[in-house]
Protein chains: 4
Amino acid sequence: LTTPGKSAPAVATTTNIATSTPDDVTIRGKSLCRDLIGKVTFTEMAFLQVMGSLPTPAQTAVLDACLVTLMEHGMTPSVIAARLVNSSAPEAMQGAVAAGILGVGSVFVGTVEGCAALIERVLASSDTEAEAARVAAEHRASQRPVPGFGHPLHKPDDPRTACILRAIDSAGLAGRHVAALRHLAFAVDQAAGKHVTINATGAVAAALGECGIPASIMRGFAILARCAGLVGHILEEQRTPAMRAIWDAAERAVPYAR
Amino acid sequence: LTTPGKSAPAVATTTNIATSTPDDVTIRGKSLCRDLIGKVTFTEMAFLQVMGSLPTPAQTAVLDACLVTLMEHGMTPSVIAARLVNSSAPEAMQGAVAAGILGVGSVFVGTVEGCAALIERVLASSDTEAEAARVAAEHRASQRPVPGFGHPLHKPDDPRTACILRAIDSAGLAGRHVAALRHLAFAVDQAAGKHVTINATGAVAAALGECGIPASIMRGFAILARCAGLVGHILEEQRTPAMRAIWDAAERAVPYAR
Amino acid sequence: LTTPGKSAPAVATTTNIATSTPDDVTIRGKSLCRDLIGKVTFTEMAFLQVMGSLPTPAQTAVLDACLVTLMEHGMTPSVIAARLVNSSAPEAMQGAVAAGILGVGSVFVGTVEGCAALIERVLASSDTEAEAARVAAEHRASQRPVPGFGHPLHKPDDPRTACILRAIDSAGLAGRHVAALRHLAFAVDQAAGKHVTINATGAVAAALGECGIPASIMRGFAILARCAGLVGHILEEQRTPAMRAIWDAAERAVPYAR
Amino acid sequence: LTTPGKSAPAVATTTNIATSTPDDVTIRGKSLCRDLIGKVTFTEMAFLQVMGSLPTPAQTAVLDACLVTLMEHGMTPSVIAARLVNSSAPEAMQGAVAAGILGVGSVFVGTVEGCAALIERVLASSDTEAEAARVAAEHRASQRPVPGFGHPLHKPDDPRTACILRAIDSAGLAGRHVAALRHLAFAVDQAAGKHVTINATGAVAAALGECGIPASIMRGFAILARCAGLVGHILEEQRTPAMRAIWDAAERAVPYAR
């Protein structure tokens with residue numbers, strides 16, 4: 001890794017992602033200065049950083065569609081936590097972002113992974129339609145919601161789902177993951193005896209799967225999208241703080257069914 | 001550090017707090033197994049861990065009074081953040097506690113440090129009463145609140161302050177820090193032309209100062225007290241979740257003066 | 001709760017833990033100012049906050065022993081994270097503590113909960129010894145470690161375990177949870193064909209169980225203990241920073257078996 | 001906002017960023033489904049979210065260059081914290097990302113804000129060159145480094161700086177902020193009596209300034225870039241964990257000058 005006449009680079013053996021020399025940083029085998037800055041978008045760079053190679057234009061388009069979809073959805077619990085922390089500790093914006101990210105867990109966005117796992121289970125079966133029916137029946141029997149399906153506000157259909165599926169089609173990436181998601185959707189409707197929407201996290205699960213992104217890291221992309229959303233809310237909180245209004249309202253709120 | 005016949009202990013040269021051998025852990029020069037477990041309270045152990053020696057009974061009493069005072073104050077922004085994160089990511093309680101702790105910043109509890117800094121400034125002066133008057137006048141002139149003074153609910157006097165001052169007196173620890181706080185209180189009232197309470201964080205600043213705890217780490221004790229408070233709220237959130245009620249209320253809340 | 005002539009207190013209906021009036025804070029039905037500050041230790045107050053009633057002296061002794069045990073164990077991953085964050089963002093100590101707490105997850109301290117769940121499974125059985133044997137056999141068959149058993153450094157026996165068990169005995173609290181732990185220990189040794197230590201987290205699981213603390217909140221007490229440990233490391237990091245040394249060492253470290 | 005025959009949408013009055021109806025999400029006045037998903041890149045969407053309007057192509061190019069530059073720089077303290085937390089609590093990836101983000105504080109990336117503040121000070125002066133000289137002289141006199149200048153590895157010149165300045169030029173955005181940065185660079189060299197590089201954070205401060213992004217939120221964009229970097233390290237940690245190697249190395253590390 002050393003070049004004669006240069007001082008030895010710092011060799012980082014605990015990671016294979018990047019190495020630095022005085023006059024460049026090499027990331028995933030590419031020169032940051034020659035190949036990346038000014039040459040690739042943030043989305044392409046994020047894909048390179050995580051997956052190890054640059055995305056195709058089709059993968060970039062689909063990943064952009066997913067990240068754009070997940071960035072913002074109003075005053076969510078994650079956003080509220082970030083805003084309260086920011087107005088309590090304005091000296092450290094990183095704390096507010098961190099608090100918001102800590103809310104990107106299993107209940108809301110974690111359904112991306114849950115749905116991706118079901119898609120993988122269906123794809124691993126020799127009879128995908130029968131397996132989808134089994135998945136739906138099992139959830140129905142145990143009265144658990146199927147991850148990636150249903151939405152309290154966006155019904156009968158989550159409008160974001162259609163946009164993501166369209167982006168996958170336009171990119172020419174629709175394949176096994178989308179097919180498995182459609183099998184699941186059919187089976188979920190049959191089991192419920194009514195139409196249940198594929199929600200945005202279900203569509204994202206299929207989309208990221210078609211991009212070759214493993215289920216174990218999908219939550220990371222959701223966190224990335226929400227991170228940008230949180231920064232927007234923190235600037236708004238800096239300018240027109242909602243902390244005291246939220247605090248007052250939370251103190252007075254009456255919990256359900258108590 | 002090694003003993004013949006024993007396997008070599010892990011030698012930690014980046015810290016002087018603790019070392020381990022197979023049959024003991026040595027913390028601040030004391031044997032965890034012989035001297036500490038079953039022998040000291042959590043408060044004594046925390047003082048040892050941070051300050052390097054066990055506290056006197058007087059220091060323990062005053063530190064206990066401060067920690068008990070700061071643990072709980074209802075549905076604060078920090079608590080709301082922790083509860084929202086817990087119900088969003090119940091798989092990771094540590095995330096909920098972390099989110100709550102991130103709200104222990106400069107605005108609320110940071111006033112302990114701010115007041116401690118003023119106490120130190122007064123104590124460094126040759127004429128403490130005149131210096132206290134200067135502090136009060138400066139804050140008055142720039143319309144900034146004096147850290148450790150005033151409270152929106154607990155007025156005319158913060159009842160916790162009297163309790164902490166009484167605990168300091170009972171322990172026989174009242175000294176220069178309490179005297180400086182009283183000089184500041186007199187000067188603040190004079191400058192305001194009316195009575196302004198010493199709040200709990202002002203009393204804690206003097207109390208921890210009398211215990212020999214440096215201002216730079218005082219926030220750590222406030223975080224510790226709040227940590228216990230947060231655990232209580234997380235168990236309540238597990239049993240009777242308030243997340244959806246808080247979320248709904250926050251969405252509908254109307255910010256002040258908008 | 002209201003006093004004639006005073007403005008109405010803020011009523012917090014989302015929580016039943018505490019309410020405030022201008023001249024007191026009521027926590028779990030007790031007056032903070034009359035009953036708690038200067039009257040109870042931090043450990044007693046933490047038990048009250050979480051469990052809803054003050055502990056007996058026996059419960060206090062056992063809880064103190066557990067918290068003292070878990071506070072400090074040298075330069076752990078959690079401590080390293082806290083120190084790196086503190087030296088990267090010294091403006092916000094709460095961020096350093098939060099980062100350290102985020103490392104109190106399933107791998108290290110989470111074994112408290114894992115062991116508590118096994119104890120509860122054994123206790124729910126009509127034949128506790130047979131159930132303990134089944135637990136050990138199942139883990140052996142799937143080559144999973146039994147939570148609460150084994151330690152890389154503290155062998156053949158974890159010295160902290162004996163201390164905690166002694167504290168439980170001294171307090172007169174040894175009961176069904178300790179008995180179940182001993183059944184498990186016997187069965188684990190039999191299944192392994194050699195002695196495997198009960199480690200500190202196993203002993204803590206039984207101890208907190210004897211105190212009446214539910215498994216679902218046990219991690220909270222571990223977090224509380226580690227919180228105090230982290231504050232000690234942060235003060236040491238303020239005075240003699242180890243961040244650059246850790247950073248350099250981490251860059252140069254060679255992972256196992258790579 | 002309501003449509004006849006539909007249930008009323010949730011109206012979020014604590015934020016002006018977004019509102020939802022059953023069949024769309026409106027963000028900054030744009031339809032998520034018609035205008036944004038599949039139409040804009042993540043970088044454009046992030047700018048819209050934070051700044052309130054879509055960026056020009058020039059702004060997008062410069063923002064992409066900054067985000068690409070800041071994403072990855074090897075095994076930094078922030079990355080180490082994230083990896084340690086991930087391997088300690090693999091059940092909650094959001095905790096690992098949060099821990100890493102907590103390390104994006106004043107010491108490393110905060111220099112973006114520090115340099116931006118100096119640029120704003122220079123720009124507010126009637127004689128920008130003289131003001132730049134005063135800034136450099138003040139820092140020299142108090143032996144403080146000038147934020148945005150100097151780098152331990154990347155010398156005599158930080159190669160990333162040239163790339164960012166080139167991206168600003170190519171976009172036609174070079175203006176007052178870049179001019180002020182160049183005045184500062186000249187003055188810093190003069191005061192030091194030798195060449196000191198503008199580092200990447202100095203170049204980013206000027207670049208984001210030319211994009212119209214206020215200094216108070218610049219750290220948010222740095223956090224966003226690092227967030228993507230952290231996700232890459234977490235996937236590598238999932239596959240080839242470095243936690244134990246880092247832990248061992250940290251325990252054995254010898255701090256400087258101790």
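Begin with helices α4 and α5 of chain D, whose crossing is right-handed, a word used when the near helix is turned clockwise from the far one by less than a right angle. Select residues 77-88 of chain D for α4 and residues 93-102 of chain D for α5, and you will see two axes that come within 7 Å and cross at roughly 155°. That angle makes α4(D) roughly antiparallel to α5(D), because angles over 145 degrees count as roughly antiparallel. The axes are lines fitted to C-alpha atoms over the stretch in contact, with angles running from 0 to 180 degrees between N-to-C directions; helices (H or I, at least four residues) and strands (E, at least two) are DSSP runs, numbered from the N terminus.

This is a predicted model in which local features need pLDDT of at least 70 and side-chain atom pairs count only at pLDDT 80 or more, while totals for chains, interfaces and linings use all residues. Residues are numbered from 1 along each chain as its sequence is written, chains are lettered from A and ligands numbered from 1 in the order in which they are written, and side-chain values use heavy atoms, with hydrogens and water left out.

Next, show the side chains between the two helices of chain D. On α4(D), the contact (heavy atoms within 4.5 Å) is made by Ser78(D), Ala81(D), Ala82(D), Val85(D) and Asn86(D), and α5(D) contributes residues including Met93(D), Gly95(D) and Ile101(D).

Then select the strands of chain D, where three of them form an open sheet in the order β1-β2-β3 with antiparallel pairing. The edge strands are β1 (18-21) and β3 (30-31) of chain D, each of which pairs on one side only. Strand β2 (residues 24-27) of chain D is joined to β3(D) by two bridges, and two strands pair if DSSP finds at least two bridges between them. To find one such link, pick Thr26(D), whose bridge partner in β3(D) is Ser31(D).

Move to chain A, which has an open sheet of three strands in the order β1-β2-β3, paired antiparallel. Here Ile27(A) has Lys30(A) of β3(A) as its bridge partner.

Key. Parallel < 35°, antiparallel > 145°, perpendicular 65-115°, else oblique.
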